[in-house]
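Welcome! Take a moment to look over the chain, and then let us walk through it together, starting inside.

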Amino acid sequence: MRPQLLLSWLPLLAAAALWTYSLPRVGFRSMGDYGLLDRFPAAFYLALLLLTCGFLAALRRAGTAPWWPAGYCVALLVALKAPPAVLYDSVRYPWASKHDAVVNQLLLNGELRPNGALSGNMSAYDQWPGFFTLTGGLVRAFGVDSAAVFLNWAPIALGLLMMPVLVLLYRTFAEDWRLVWTAVWIFQLANWVGQDYLAPQGFAYLLHLSVIAVVLRHFVLPGSAGRLRDRSFLDPASAAVPPPTGARQRAVGVAVLAPLILAVNASHQLTPVMLCVSLFALTLTRRYRNYGLLAVAALIMLAWDLTMGRPLFLETLGTLRESLGELTQNSRAGYAGELTGPGPELTGRANVLMVLAVAALAGAALLLRRRLVRAALPLLLVSLAPVPLFVVNDYGGEMLFRVYLFGLPGAAFFAAATLVPAAGRVRRKARRRAAALTLHGALPVALLVLLAGFLPSYYGKEKMYYTPPAETALVTRAIDRAIDRAPDDAPEDASVGASEGALILATTGSFPQALHRYDRVEHWFFAEQELAENERMLTDPARYLADGIPPGTTAYVILTRTQDIYAAGEGLLPPGGFATLRSGLAASPLFRIVEEHPYGIVLQYRPRTGTTAPEIERP
């Protein structure tokens, strides 16, 4: 057997064996401050190291056997993101359970209620129902009870679907398979944002990139390429500019893309805006000055926002006066607190360093590969297009992450261009040495550094993301109890989705089943505010909550282990604040304990004193 072939498949098999060996030894149920980072055994990290070495070896044959680096990219996706899907006995990301709740309500009610007054702004999901309708169809097709059965596998499914789209995107501007697959590899290492779970954003993001890839391949205007048609003017790795298309062909292309653009608008609020600004950025180039497609995308977005999405759209417009131009506020991450604790703090630093590392590598290409950048200028503009949105809105503290996510495909391409030298003939001896040093020195180091940054960025806060099934069951029982015992005094002609009297209180909505049966209850996540206000609340938590509960309302407080970890890690409560809150409510005559376990407590609001509380349910 040839040594090159042996070096291609042997690391892959060895890494798969080590990864499989390591998974049963991951102590995910006893995670500490560093999440899974100190729970992954050495075999897991060794498997990732072997995958990186095997990928580097496979790059040598990428020109003649591109399926080898492709196989390693698939293996990296599985190795990095499949552990929670394989190991966890509950949904990863507690807030992801609300998407399961939306699907359940859609299947149960069989109707959309875009104008319903649903608690927690949940009516927005009925205003953009495309993703949930598709997921409901998958639930029916698979014959499972709910989307929770396959929810943890979404990062793998979306990653596999994303890979050919990225290849199509990158091959538009580069014919060097080494550069293409290195860009895909870097994209996966830098995609730590956590928006690839079963959510509208991940689905709409895939459609967004698909539209951009088709536009870049099939919407080139005749006579617009100029000197880019001359190979002597291009970087050796550059691909030829795609053939031009006539007006009739572009019109057909718009008709083909319109359903995809409509699906984006039906599924997510922000992605249509990102798509429109990206298409606008492309009109700044001679090659892609397609005003018709931009107009169609803008009209579809506006039509949806003024019909199905009208309530939230008008609400968002009302907040623009406060957020417009507030760059510092709009670029904040999260609610109001700062990350606290070893794991969250490490994650926060790793996030910043990863952004800087990818930006530095991509920026270096502007100097080192100017001819390639000139040919790939449309991709550069698409990557930079989302940045001005910082001026407009903070998107609930997530605009920073979304801008990074939408700029990542282009950033990964240009970062790869910095690390992978041109495959063409290098004439000068000094340049040949520099190219060899880049491929054999800088590239391995950069990939290992990005791998080291991905792990804490993605798994450093994992203690917040895993929930014991017993906690999920506790929350489900508590909400069902609140609905069953709430006075059913709503008038018969009350609007669909109106509250029937039950109010659920919790520190934050980031706990499992927080929005279970959300169409039957109201919610107050009282700690999602400034830290100073929460500190004031902790001086007398019972009175603070009682003052905020409307008279005559049946109210329950649910405090769980996941809320404790999240509120502390995100800096919503001071150290020891959750314990103070729990003990203060449990000792107050205004609240009685309904159910108490090590992983949570449920209390009922009792404004009157002197009543006899029932026996507490304990494990």
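**Inside the largest cavity**

Helix H8 gives the largest share of the lining of the largest cavity, with 6 residues. Helices here are DSSP runs of H or I with at least four residues, strands are runs of E with at least two, and both are numbered from the N terminus. A cavity is found on a 1 Å grid over the protein atoms alone, as a set of points where a 1.4 Å probe fits but cannot get out, and its lining residues have an atom within 4 Å of a point. Before going on, please note that this is a predicted model, in which local features need pLDDT of at least 70, side-chain atom pairs count only at pLDDT 80 or more, and totals for chains, interfaces and linings use all residues. Residues are numbered from 1 along each chain as its sequence is written, and side-chain values use heavy atoms, leaving out hydrogens and water.

Back to the cavity: its space comes to about 200 Å³, a volume being the space filled by probe spheres set on the grid points, which are joined across faces, edges and corners. Of the 18 residues in its lining, Gly159, Met162, Phe187, Asn191 and Asp196 lie nearest the centre. At least two lining residues come from each of H3 (67–81), H8 (154–171), H9 (177–190) and H10 (200–218). By class, the lining has 11 nonpolar, 5 polar and 2 charged residues.

The whole structure holds 7 cavities of 30 Å³ or more.

Now step back to the chain as a whole. Its secondary structure comprises 26 helices and 5 strands. Of its 619 residues, 56% are buried, meaning under 20% relative accessible area with a 1.4 Å probe, counting protein chains only. Among contacts (heavy atoms within 4.5 Å) with a separation of 6 or more, 76% link residues 24 or more positions apart.

Finally, find strand S4, at residues 591–597. Because 7 of its 7 residues are buried, S4 is largely enclosed by the rest of the structure. Strand S5 (residues 600–605) runs antiparallel to S4, and 6 bridges join the two; strands count as paired if DSSP finds at least two bridges between them. Glu596 stands opposite Ile601 of S5, and a hairpin connects S4 to S5 through 2 residues.

Key. Buried means under 20% relative accessible area, exposed over 50%, partly exposed in between (1.4 Å probe, protein chains only). On a 1 Å grid over the protein atoms alone, a cavity is a set of points where a 1.4 Å probe fits but cannot get out, and a pocket is an open set with protein on both sides within 12 Å along at least five of seven lines; lining residues have an atom within 4 Å of a point. Ala, Val, Leu, Ile, Met, Phe, Trp, Tyr, Cys and Pro count as nonpolar, Asp, Glu, Lys and Arg as charged, and the others, Gly among them, as polar.
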